Amino acid sequence: MSSRRSRPLSSGASRITDDQIIQLISKLQQLLPGTGIQRSNKSSASKVLQETCSYVRSLHQEVDDLSDRLSQLLSTIDANSPEASIVRSLII
Amino acid sequence: MSPPQQPTSINPNSLKIQLAYRFLHNLNNLNTKRSNLDNTRIRRSHRVKLAAYASMAYVVGSRRAWSRAILWKIRNRAVLARFKRVDHKITTPLRHHHVHAGSVKRRTPSCSNPKREYSDPFGNSGQEVKLRKLVPGSSTMDALGLLDETADYIKCLATQVEVMKNLVDLYSII
């Protein structure tokens with residue numbers, strides 16, 4: 001979405017206003033990791049989208065890695081039952 | 001959302017707690033269902049990944065299009081796998097190691113020229129298309145809804161990653 005002009009939609013739907021887009025993009029920007037809450041408003045929409053794409057990709061990658069590690073850990077802890085039962089009682 | 005620095009007052013309805021419960025429940029089911037059948041490492045990590053996405057989608061329920069899409073994909077895994085096997089015979093596979101029968105999470109193939117601005121026949125710019133590929137269930141949405149869905153998806157995904165990190169930490173100190 002490199003243009004910020006409102007796009008004409010099919011009949012029956014209202015036009016997307018610039019304000020709505022700006023609002024949503026700023027909301028996205030706040031979710032991105034980085035300088036935290038004080039992200040400047042100077043980054044354009046396309047930059048925010050780019051960072052969003054890369055952030056989603058990195059999150060997917062992290063889920064993959066974490067599930068790898070979790071599967072390894074889960075397979076090795078089944079042998080130690082006393083500790084596992086302690087953990088189970090703690091969690092559940 | 002409960003702030004992470006208050007261990008005494010935990011909001012039981014926070015997204016993180018709900019995700020944690022659901023994920024643990026799914027993991028338990030995983031372990032008890034087919035524990036000795038296919039224990040190869042890749043299959044196991046793939047099942048854990050499926051449990052993670054399933055728990056994420058289940059907690060959010062049908063409120064969001066992405067969760068509906070994930071739930072639909074998981075529930076129809078067997079049917080989709082048959083279609084995918086036919087596809088793989090025809091086209092060359094783009095993904096490297098997620099080609100197993102149960103793999104429904106599509107990964108974006110790494111673009112060979114990421115800098116070039118490309119657009120699909122509807123005139124959408126390249127970034128929007130990339131975002132649509134990443135966020136599940138976003139192909140039938142207009143641009144405004146896509147942004148909204150992305151924000152919600154990122155929030156849930158980040159919380160799920162946090163839950164998994166905590167679990168890994170917990171399990172690794174045993």
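How many helices and strands are there in chain A? Select chain A to begin the tour of this predicted model. Chain A contains 3 helices and 0 strands, and its elements run α-α-α from the N terminus on.

**Stop 1: chain A as a whole**

Display the surface of chain A. Of its 92 residues, 30% count as buried. The chain exposes about 5,800 Å², and carbon and sulfur atoms supply 51% of that area. Among the contacts in chain A with a separation of 6 or more, residues 24 or more positions apart account for 15%.

**Stop 2: chain B as a whole**

Now select chain B. This chain has 6 helices and 0 strands, in the pattern α-α-α-α-α-α along the sequence. Buried residues make up 44% of its 174 residues. Chain B exposes about 10,300 Å², of which carbon and sulfur atoms supply 55%. Of the contacts in chain B with a separation of 6 or more, 54% are between residues 24 or more positions apart.

**Stop 3: where the two chains meet**

Show both chains together and select the residues at their interface. On this interface, 42 residues of chain B are in contact with 41 residues of chain A. The area buried between chain B and chain A is about 4,200 Å², with carbon and sulfur atoms giving 73% of it. Highlight B:Q127, B:L147 and B:Y171: these residues supply 16% of the area that chain B buries against chain A, more than any other three residues.

Next, look for the polar and charged pairs. Between chain B and chain A, 5 residue pairs are in polar contact, and the interface holds 3 salt bridges. One salt bridge to select joins A:E62 and B:K165, whose closest N and O atoms are 3.4 Å apart.

Which helices of chain B each supply at least two residues of the side that touches chain A? They are α1 (15-33), α2 (41-60), α5 (126-134) and α6 (143-172). Helix α6(B) gives the most to this side, with 19 residues. By class, the side of chain B that touches chain A has 22 nonpolar, 10 polar and 10 charged residues.

**Stop 4: A:S67**

Select A:S67, which lies in helix α2 (residues 45-77) of chain A. Is A:S67 buried or exposed? Its relative accessible area is 2%, so A:S67 is buried. A polar atom of the A:S67 side chain lies 2.8 Å from the backbone oxygen of A:D64. Apart from residues up to four places away in sequence, A:S67 touches B:S45, B:V48, B:K49 and B:M164.

**Stop 5**

Select helix α5 of chain B. Because 8 of its 9 residues are buried, α5(B) is largely enclosed by the rest of the structure. The buried residues of α5(B) include B:G126, B:V129, B:L131 and B:L134.

Move to helix α3 (residues 65-75) of chain B, which is mostly covered, with 8 of its 11 residues buried. Among the buried residues of α3(B) are B:W66, B:I70, B:L71 and B:I74.

**Stop 6**

Side chains of opposite charge can pair when their charged atoms come close. Over all chains, the count comes to 8 salt bridges.

Select B:K16 and B:E162, which form a salt bridge with their closest N and O atoms 2.9 Å apart. This pair links distant parts of the chain, as B:K16 is in helix α1 and B:E162 is in helix α6, 146 residues apart. B:K16 is partly exposed at 21% relative accessibility, and B:E162 is partly exposed with a relative accessible area of 35%.

Then select B:D152 and B:R64, whose side chains meet in a salt bridge of 3.5 Å, N to O. B:D152 lies in helix α6 of chain B and B:R64 in the loop between α2 and α3, so the pair ties together parts that are 88 residues apart in sequence. B:D152 is buried, with a relative accessible area of 13%.

To finish, select A:K27, B:R64, B:D148, B:E149 and B:D152 together: these residues are linked in a network of salt bridges.

Methods. Residues are numbered from 1 along each chain as its sequence is written. Chains are lettered from A and ligands numbered from 1 in the order in which they are written. This is a predicted model: local features need pLDDT of at least 70, side-chain atom pairs count only at pLDDT 80 or more; totals for chains, interfaces and linings use all residues. Side-chain values use heavy atoms; hydrogens and water are left out. Contact means heavy atoms within 4.5 Å. Buried area is the accessible area (1.4 Å probe) that two parts lose on being put together, summed over both. A salt bridge is a side-chain nitrogen of Lys or Arg within 4 Å of a carboxyl oxygen of Asp or Glu. A polar contact is a pair of N or O atoms within 3.5 Å; within protein, one must be able to donate a hydrogen and the other to accept it, and residues adjacent in sequence count only if both atoms are side-chain atoms. Helices (H or I, at least four residues) and strands (E, at least two) are DSSP runs, numbered from the N terminus. Ala, Val, Leu, Ile, Met, Phe, Trp, Tyr, Cys and Pro count as nonpolar, Asp, Glu, Lys and Arg as charged, and the others, Gly among them, as polar. Buried means under 20% relative accessible area, exposed over 50%, partly exposed in between (1.4 Å probe, protein chains only). Accessible areas come from the Shrake-Rupley method with a 1.4 Å probe; for residues, only the protein chains shown count as cover.
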